[in-house]
Amino acid sequence: MRTATMILTLAADLSMAMAAPAWSQPAYGPQLEGYAYPHAVQRFEFTSQGQPMAMAFMDVAPTGPANGRTAVLLHGKNFCAATWEPTIAVLAREGFRVIALDQIGFCASTKPRGYQFSLPQLADNTRRLMEARGIGKATIIGHSMGGMLAGRLALNHQAMVERLVMVNPLGLEDWQAAGVPYATIDTLYQGELRTSFDSIKAYQQRFYYGGRWEARYDPPVAMLAGMYAGPGKEVVAWNQAQTSEMIFGQPILHEFGRMTVPVTLMIGGADRTAPGANRAPPEIAARLGQYAELGRRAAAAIPGARLVEFPDLGHAPQTEAPERFHSALVAALKE
């Protein structure tokens with residue numbers, strides 16, 4: 001009887017395992033070929049550093065009464081324009097024209113093999129796209145690396161920035177000055193080649209979400225991992241290594257006093273993101289990425305800055321608690 005019961009149990013377990021859908025990692029091309037964006041994707045073609053480039057972007061018209069304003073959304077390093085989908089919908093309902101773009105080297109845009117990545121270069125690329133779309137002035141909203149880039153855009157092209165919103169931006173501390181060892185692009189590239197769904201998830205779970213994870217965080221991770229699983233993974237990894245080196249060496253906190261545009265900082269205080277912390281001595285790593293403190297310090301350094309804090313949220317408050325985040329964002333944009 002016991003043997004028969006064990007056989008039935010094993011058979012039931014096997015049947016359930018076969019019926020349960022296994023996670024299947026999609027593979028995408030180096031410019032996210034095969035991935036469907038939430039809105040029509042257009043391409044801004046231009047020449048940069050002597051090479052033909054194409055920046056992918058979405059240009060979404062207001063769905064509510066138009067307010068005559070434009071919002072430009074800048075993604076983070078581990079994100080794409082497509083991950084702004086809920087924010088695009090909210091801003092469009094509020095009457096904004098919304099431009100969400102993929103920077104060169106990221107997502108659906110060109111992956112150049114030989115390119116000198118810098119925040120001023122990416123800011124200038126963004127300026128050129130805005131001018132090509134007839135946008136003289138816009139509200140710039142940037143998250144993570146995009147927040148860092150938004151700050152550089154406001155510093156270098158202030159006439160084009162109506163208002164600046166930085167969401168858990170990188171660059172609020174100087175990691176190299178704090179004692180984090182430098183890593184060459186070649187070293188970073190070898191690490192990038194090992195990127196997978198599991199490694200991206202583990203990193204984000206640890207630094208972005210305080211050890212927590214929800215199934216709704218999986219799709220954007222799969223989107224990124226798909227480029228590392230596809231035929232262009234080498235150039236994807238190379239550009240990611242280049243931009244990691246860029247971020248590490250170009251913090252913006254030293255220039256906060258020069259900001260002249262209205263600035264709102266939106267900070268998830270549970271965030272612990274600190275590029276390079278994994279290669280720092282433990283006593284240094286423990287001091288890095290303290291976003292509650294970093295946000296307050298940045299707000300004090302930026303003239304007239306407004307600080308919106310989410311003490312219980314991590315690196316991506318727009319993903320973790322979209323209703324709370326969007327309510328605060330809309331309120332800030334109406335000031």
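Pro-311 touches Gly-269 and Ala-270, leaving aside residues up to four places away in sequence; contact here means heavy atoms within 4.5 Å. The structure is a predicted model, in which local features need pLDDT of at least 70 and side-chain atom pairs count only at pLDDT 80 or more, while totals for chains, interfaces and linings use all residues. Residues are numbered from 1 along each chain as its sequence is written, and side-chain values use heavy atoms, with hydrogens and water left out.

- Pro-311 is found in the loop between β8 and α12; helices (H or I, at least four residues) and strands (E, at least two) are DSSP runs, numbered from the N terminus.
- With a relative accessible area of 63%, Pro-311 is exposed; the classes are buried for under 20% relative accessible area, exposed for over 50% and partly exposed in between, with a 1.4 Å probe and protein chains only.
- Pro-311 and Asp-271 are separated by 40 residues in sequence and by 9.1 Å in space, C-alpha to C-alpha.

**Asn-125 in helix α3**

- Asn-125 is placed in helix α3, which covers residues 119–132.
- Asn-125 counts as buried because its relative accessibility is 0%.
- The side chains of Asn-125 and Tyr-115 are joined by a polar contact of 3.3 Å. Such a contact is a pair of N or O atoms within 3.5 Å; within protein, one must be able to donate a hydrogen and the other to accept it, and residues adjacent in sequence count only if both atoms are side-chain atoms.
- Beyond residues up to four places away in sequence, Asn-125 touches Phe-44, Phe-46, Ser-48, Met-55, Ile-104 and Tyr-115.

**Aromatic pairs and charges over rings**

- The whole structure contains 14 aromatic pairs. Rings of Phe, Tyr and Trp (its six-membered ring) pair if their centres lie within 6.5 Å; planes under 30 degrees apart count as stacked, over 60 as edge-to-face and the rest as tilted.
- Tyr-203 and Tyr-208 form an edge-to-face pair, at 5.7 Å centre to centre and with 75° between the planes.
- Tyr-208 also pairs edge-to-face with Tyr-209, at 6.2 Å centre to centre and 75° between the planes.
- Tyr-203 is partly exposed at 30% relative accessibility, whereas Tyr-208 is buried at 2% and Tyr-209 is buried at 3%.
- A cluster linked by ring pairs comprises Phe-79, Tyr-203, Phe-207, Tyr-208, Tyr-209, Trp-213 and Tyr-217.
- Arg-113 lies over the face of Trp-238, 4.2 Å from the ring centre. The criterion for a charge over a ring is that NZ of Lys or CZ of Arg is within 6 Å of the ring centre and within 35 degrees of the ring normal.
- The ring of Phe-248 has the charged end of Arg-279 over it, 4.9 Å from its centre.

**Salt bridges**

- The structure holds 15 salt bridges, each defined as a side-chain nitrogen of Lys or Arg within 4 Å of a carboxyl oxygen of Asp or Glu.
- Asp-59 forms a salt bridge with Arg-97, with the closest N and O atoms 2.6 Å apart. This pair links distant parts of the chain, 38 residues apart: Asp-59 is in strand β2 (residues 51–60) and Arg-97 in strand β4 (residues 97–101).
- Arg-97 is partly exposed, at 22% relative accessibility.
- Arg-69 forms a salt bridge with Glu-162, with the closest N and O atoms 3.1 Å apart. Here too the pair links distant parts of the chain, from Arg-69 in the loop between β2 and β3 (70–74) to Glu-162 in strand β6 (residues 161–167), 93 residues apart.
- Arg-69 is partly exposed at 22% relative accessibility, and Glu-162 is partly exposed at 31%.
- Arg-306 and Glu-335 meet through their side chains in a salt bridge of 2.9 Å, N to O. Arg-306 lies in strand β8 (residues 306–310) and Glu-335 in the segment after α13 (322–333), so that the pair, 29 residues apart, links distant parts of the chain.
- Arg-306 is partly exposed, with a relative accessible area of 32%, whereas Glu-335 is exposed, with 52%.

**Helix α13**

- The 12 residues of α13 should span 16 Å at 1.5 Å a residue, which agrees with its end C-alpha atoms being 16 Å apart; the expected span is 1.5 Å times one less than the number of residues.
- The buried residues of α13 are Phe-325, His-326, Ala-328, Leu-329, Val-330, Ala-332 and Leu-333.
- These buried residues pack against α2 (85–93), β5 (138–143), β6, β7 (263–268), β8 and α12 (317–320).
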